[in-house]
Amino acid sequence: MIEIDNISKHYVVDGVAIPAISGISLRVEAGEVFGIIGVSGAGKSTLVRTLNLLERPDSGRIRVDGSDITTLSKDQLLRYRRKTGMIFQHFNLISAKTVGENIRFPLKLAGEYTRAEMDRRVDELLDLVELGGHRDKYPAQLSGGQKQRVGIARALANHPKLLLCDEATSALDPQTTQSILSLLLDINRRFGLTIVLITHEMDVIRRICDRVAVLDRGVLVEEGVVADVLLHPQHEITRALVQESCPSATTGQRLGLSGPLFRLTFLGAVTYQPILQSISAALDVGFNIVEGVVGRIKETPYGQITVQALGDAADPARIAAAFGEHAVRCEALPS
Amino acid sequence: MNASTFNLFASLDWSDIGMATLETLTMVGGSLLFTVLLGLPLGVVLFLTGPRQPLEHARLYAALSLLVNLIRSTPFVILLIILIPVTVTLIGTSIGVPGAIPPLVIGATPFFARLVENVLREVDRGIIEASQAMGATLPQIVFGALLPETFPGLLAAITVTAITLVSYAAMSGVIGGGGLGDLAIRFGYQRFQSDVMFVTVAVLLLLVQALQVFGDRLVQRFSHK
Ligand SMILES: Nc1ncnc2c1ncn2[C@@H]1O[C@H](COP(=O)(O)OP(=O)(O)OP(=O)(O)O)[C@@H](O)[C@H]1O
Ligand SMILES: [Mg+2]
């Protein structure tokens, strides 16, 4: 478990102090996938890099499993880092070493393994990331996705409890991104590994995160369970980030429609039930679907649609109550 | 027209040339060895203490940098002469093959160190960061990541340095350093035997060419980018 307590960090550029993150407090539970999202320059990298002290915060505390990592001695910090994996946007592999040697590097650093143990662990890790036959290739001979797999294998070599991901899929095409995200989720489940990842893509958050924090100009503006933040974004920045990945109407005006508009949010099993139809029949109201998305947040199905209510019986209060009974959230939109 | 015009190299003593070539090779080889032994650590320290690097140290960097520039900006012939007393204290003589090696090493080390620094600077910062994130100590970063990553670049730097040493070694003939330069000056210049001069230059060219080809091959062999 990680408790980030009121940390700040600034950089000095040409004698001018530029705050990168300001007064951030967060809690990451053991075993969860925690996402941090924000636009470029929001301070995401700075924040995630404080978690292994690649950046030392100016103030505040970071407690991991109860002990404050900002007060660790040099040796303790090295040991902590060996138990904390990190993967990077540009993979950061050593091009002069083969895949196997790259993965072996952190094992050598630890200095706790015999040759045979290291060989065995490298093979195990190569199998885990499905690169069995690539042990003696050089990074230049691999695709981006394969390089990131090597990065993941290298990060997991010393059995870390925490994995930090700095835009791990941002340099990859959508299909490769999906396969890397699946791998991360698989690792998270299989080893109970805590993952903290940063991204500027809401899709990454939707796909594998349990909880998410939104960062804007170094400040934490929103935090919560992914479904809540995604379906009911509170902050303007969050809304903008959500809109990019699944646009939905906020006003009738935008759609050029009049008449009562409702936004319905389905989460979980209700998503696949014919609720719209049954309420339509019960209340004698027609629903015209004008916009919407149906998909999955991690494994949970969800739908968010905007409907126009048709008919004389279209009383907003009754409609909202009817959806409420089915555990479907219903908001009347300004028209 | 006399016969010697038709047989330009008639009066050449090829065994002299062979000896001189051997001496030059010894001077270049010996000084290259010490240059690398001294210049590599110096280059690594220059890199590490440089701006935004792991051991950033503005004053130490500035001091080392000044020393390097001082030696590099001194014409090698001048350096040769200035260093005569130093060489005599170091190895007891300032002439011949052994006498040439200290000034060659002192002249080439700053040059090589600067090349090493530049090669290291070309390394993606991400590699240092990834190593730090893995819990590598500074020596582990240098020996486990930086030097392996830059090995081809370092081989190229050694090649360039070796070639520079060939010309420095020839120059050391001015102060009686032995080898091809010495031969060229004693016979070719002082006794007007232009054939000796010509052959000496040809052998030097061959030497440089061979070093370049060999160095390039090595770089190619170890490059995996
Ligand atoms: N080493 C540095 N020196 C000076 N300023 C920095 C440094 N690193 C980051 N910054 C500044 O701190 C702020 C936050 O940067 P950070 O890299 O954390 O943002 P980010 O959210 O990761 O952005 P991106 O998505 O572009 O990677 C930015 O204004 C950036 O310019
Ligand atoms: Mg970043």
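## A helical span in chain B

The end C-alpha atoms of residues 25-48 of chain B lie 33 Å apart, and this span is 100% helix and 0% strand, where helices (H or I, at least four residues) and strands (E, at least two) are DSSP runs numbered from the N terminus. The model is predicted, so that local features need pLDDT of at least 70 and side-chain atom pairs count only at pLDDT 80 or more, whereas totals for chains, interfaces and linings use all residues. Residues are numbered from 1 along each chain as its sequence is written, chains are lettered from A and ligands numbered from 1 in the order in which they are written, and side-chain values use heavy atoms, with hydrogens and water left out.

## Annotated regions

The UniProt record, an unreviewed entry, assigns "transmembrane region" to residues 25-48, 60-84, 90-115, 153-175 and 196-215 of chain B; UniProt positions are given in the numbering used here, feature names are shortened, and annotations may be inferred rather than shown by experiment. Over residues 90-115 of chain B, the chain is 85% helix and 0% strand, with the end C-alpha atoms 27 Å apart.

The UniProt record, again as an unreviewed entry, also places "domain: ABC transmembrane type-1" at residues 21-215 of chain B. Residues 21-215 of chain B are 83% helix and 0% strand, and the end C-alpha atoms of this span lie 20 Å apart.

## The two chains

Chain B has 10 helices and zero strands, and its C-alpha trace spans about 75 × 40 × 25 Å along the principal axes. Of the 225 residues of chain B, 48% count as buried, that is, under 20% relative accessible area, with exposed meaning over 50% and partly exposed in between (1.4 Å probe, protein chains only). Residues 24 or more positions apart account for 74% of the contacts in chain B with a separation of 6 or more, contact meaning heavy atoms within 4.5 Å.

Chain A has 12 helices and 14 strands, and its C-alpha atoms fill a box of roughly 80 × 50 × 35 Å, taken along the principal axes. Of the 335 residues of chain A, 54% count as buried, and among its contacts between residues at least 6 apart in sequence, 69% join residues at least 24 apart.

## Helix packing in chain B

Helix 9 (residues 179-189) of chain B packs against helix 10 (residues 194-222) of chain B at an angle of about 160 degrees, with their axes 8 Å apart; axes are lines fitted to C-alpha atoms, for helices over the stretch in contact, and angles run from 0 to 180 degrees between N-to-C directions. Helix 9 of chain B and helix 10 of chain B are therefore roughly antiparallel to each other, since angles over 145 degrees count as roughly antiparallel, under 35 as roughly parallel, 65 to 115 as roughly perpendicular and the rest as oblique. The contact involves L180(B), L183(B), A184(B), F187(B), G188(B) and Y189(B) of helix 9 of chain B, together with V196(B), M197(B), T200(B), V203(B) and L204(B) of helix 10 of chain B.

Helix 7 (residues 125-133) of chain B and helix 8 (residues 138-171) of chain B pack at an angle of about 155 degrees, with their axes 10 Å apart, and these two helices of chain B are therefore also roughly antiparallel to each other. Here I127(B), I128(B), S131(B) and Q132(B) in helix 7 of chain B meet I141(B), A145(B), L146(B) and E149(B) in helix 8 of chain B.

## T21(B)

T21(B) lies in helix 2 (residues 14-49) of chain B, and T21(B) counts as buried because its relative accessibility is 17%. Leaving aside neighbours within four places in sequence, T21(B) is in contact with L180(B) and V203(B).
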